[in-house]
Amino acid sequence: MSITFFPSVEKCTSEGREKDTLVTDLDGTLLRGRSSFAYFALVAFDVGGVLRLLFLLLASPLAGILYYFISESVGIQVLIFVTFVGMKVSDIESAARAVLPKFYSEDLHPESWRVFSSCGKRCVLTATPKIMVEPFLKDYLGVDIVLGTEIETYKGRATGFVRSPGVLVGKNKANALRRTFGDTQPDIGLGDRDTDIPFVTLCKEGYIVPSNPKVKAVSTNKLPKPIIFHDGRLIKKPTPLISLLIILWIPFGFFLSCLRACAGLLLPTPLQYYALWAMGVRLIIKGNPPPRIKKSKDQSGVLFVCSHKTLCDAVLLSTVLGRPIPAVAYSLSRFSEIIAPIKTIRLTRERGSDASIIKQLLKEGDLTIFPEGTTCREPFLLRFSSLFAELTNEIVPVAMVNKMSMFHGTTARGWKWMDMFFFLMNPRPTYEITFLNKLSYEYTCKSGKSSHEVANYVQKVIAESLSYECTIFTRKDKYIALAGNDGTVMKDS
């Protein structure tokens with residue numbers, strides 16, 4: 001029997017399915033793409049680095065030959081082995097929770113999703129390792145049951161092999177379905193290839209999802225739960241071609257990033273702009289940067305309140321202003337603090353001590369703060385400490401946007417000291433810095449506003465200029481979701 005024996009999914013009605021049970025394959029069915037290489041590549045690079053990605057790419061032709069000409073199961077086992085062997089299980093779980101959901105959510109098949117979202121009970125049956133897909137399917141799509149290939153582990157690490165009965169393809173899928181549902185027959189079965197026939201025939205209705213990679217993916221705003229927090233270094237989905245380009249670029253890109261970093265660290269501030277421009281870093285300035293304030297006894301310096309993007313924020317702000325502006329932060333690694341070309345202060349979270357430090361800095365001149373809790377790339381800003389609003393009325397909000405084509409310049413789970421290098425490794429990294437209007441008198445503490453009201457107003461102004469949405473999430477929420485900690489950088493780190 002061929003899979004074409006079943007009608008197309010377009011013919012499956014989605015009305016009145018609230019009490020129905022649906023069982024669907026993942027790759028090529030619920031997802032548009034039939035290949036799972038990109039998702040293995042994301043785990044390989046995020047957990048194992050560029051060498052692991054290289055080994056996976058080199059093994060992919062063998063996996064493809066085995067998959068199409070020998071055994072689908074054996075081909076997938078090759079990908080699993082090369083990707084997972086020796087990895088900590090906790091690291092794989094972390095990548096599955098923080099990195100993969102964004103990419104999975106951007107590949108949902110519209111017709112499959114139409115049927116999937118209309119059913120009351122949903123089960124996904126896939127050859128992909130369960131450890132990779134379960135967080136996305138259960139947390140964001142509301143899947144009730146996930147049946148995937150189980151990996152073997154030893155002392156907290158993956159061996160690269162799979163548990164009995166092996167990779168879930170063909171009859172193994174059908175057997176897994178029988179073990180789960182027993183004599184109960186699911187209402188709808190969705191598949192996309194001949195090896196899906198055994199489990200689809202066990203359902204009351206069976207449908208095929210035709211291969212059509214050009215079909216438009218489901219809009220992410222239709223998901224039951226938005227994907228707010230995302231981590232990982234790679235910006236684009238790493239297909240084999242993109243993976244090859246990344247591997248070839250990294251040696252040259254790292255050398256280039258070191259040159260760019262040296263320009264920011266060693267050259268006088270007025271020359272940095274031109275040196276970075278010559279090396280491909282673009283700084284776009286919008287709005288009117290405030291002039292340097294002539295100091296008087298009763299006047300403090302300007303407090304620049306910036307949306308946080310990468311560790312380069314403070315340096316590049318100083319670059320476009322043509323003078324070094326000290327910066328303060330709550331969480332900063334010791335390495336970043338040492339190499340910073342501007343004065344950088346890590347606060348203690350002790351209100352009295354922090355207040356005295358800030359007062360002294362503002363007496364000396366201008367100051368930059370990156371609001372506690374602002375995220376690095378998600379479309380919203382978070383509440384920041386209102387302490388600064390109490391100490392000065394010279395507040396200038398600064399909206400920052402950066403554009404990268406290959407690597408994200410920040411991470412919650414990886415090596416933070418590498419953030420600057422990853423940003424500068426992009427072929428043409430760009431920062432757009434918008435100086436907003438200085439807060440008028442009626443929006444400062446001097447006019448009677450509370451420090452919290454001032455802080456919230458500044459947050460609102462920056463968010464609106466960037467078309468971001470303010471939420472109640474805190475920095476701690478972000479780090480707990482992505483890294484399993486509160487994001488605190490220890491003093492000796």
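Helices (H or I, at least four residues) and strands (E, at least two) are here DSSP runs, numbered from the N terminus. By that convention Lys155 falls in the loop between strand S4 (151–154) and S5. The model is a predicted one, in which local features need pLDDT of at least 70 and side-chain atom pairs count only at pLDDT 80 or more, while totals for chains, interfaces and linings use all residues. Residues are numbered from 1 along each chain as its sequence is written, and side-chain values use heavy atoms, with hydrogens and water left out.

The protein holds 18 helices and 14 strands. Of its 493 residues, 54% are buried, where buried means under 20% relative accessible area, exposed over 50% and partly exposed in between, with a 1.4 Å probe and protein chains only. If a contact is taken as heavy atoms within 4.5 Å, then among contacts between residues at least 6 apart in sequence, 75% join residues at least 24 apart.

On a 1 Å grid over the protein atoms alone, a cavity is a set of points where a 1.4 Å probe fits but cannot get out, whereas a pocket is an open set with protein on both sides within 12 Å along at least five of seven lines, and lining residues have an atom within 4 Å of a point. Grid points are joined across faces, edges and corners, and a volume is the space filled by probe spheres set on the points. The second largest pocket has a volume of about 710 Å³. It is lined by 24 residues, of which Phe45, Asp46, Val47, Gly414 and Trp415 are the closest to its centre. Two or more lining residues come from each of helix H2 (37–48), helix H5 (89–98), helix H11 (240–266) and helix H18 (475–483), and H2 gives the most, with four residues. The lining divides into twelve nonpolar, eight polar and four charged residues, counting Ala, Val, Leu, Ile, Met, Phe, Trp, Tyr, Cys and Pro as nonpolar, Asp, Glu, Lys and Arg as charged, and the others, Gly among them, as polar.

How many of the residues of H13 are buried? Nine of its nine residues are, and the helix is mostly covered. Thr319 lies in this helix, which spans residues 313–321, and counts as buried because its relative accessibility is 4%. Beyond residues up to four places away in sequence, Thr319 touches Thr269, Gln272, Tyr273 and Leu283. H13 is followed by Gly322, whose phi is positive, near 80°.

Strand S3 (residues 145–149) contains Ile145. The C-alpha atoms of Ile145 and Val23 are 9.1 Å apart in space, although the two residues are 122 apart in sequence. Leaving aside neighbours within four places in sequence, Ile145 is in contact with Lys121, Arg122, Cys123, Val124, Thr180 and Phe181.

Some backbone details remain. Most residues other than glycine have a negative phi, and most peptide bonds are trans. Lys155, however, has a positive phi near 50° without being a glycine, and it counts as exposed because its relative accessibility is 73%. Ser467, in the loop between H17 and H18, likewise has a positive phi, of about 60°, and is exposed, with a relative accessible area of 67%. The peptide bond from Ser164 to Pro165 is cis, with omega near 15°, and Pro165 sits in the loop between strand S5 (157–162) and helix H9 (171–181).
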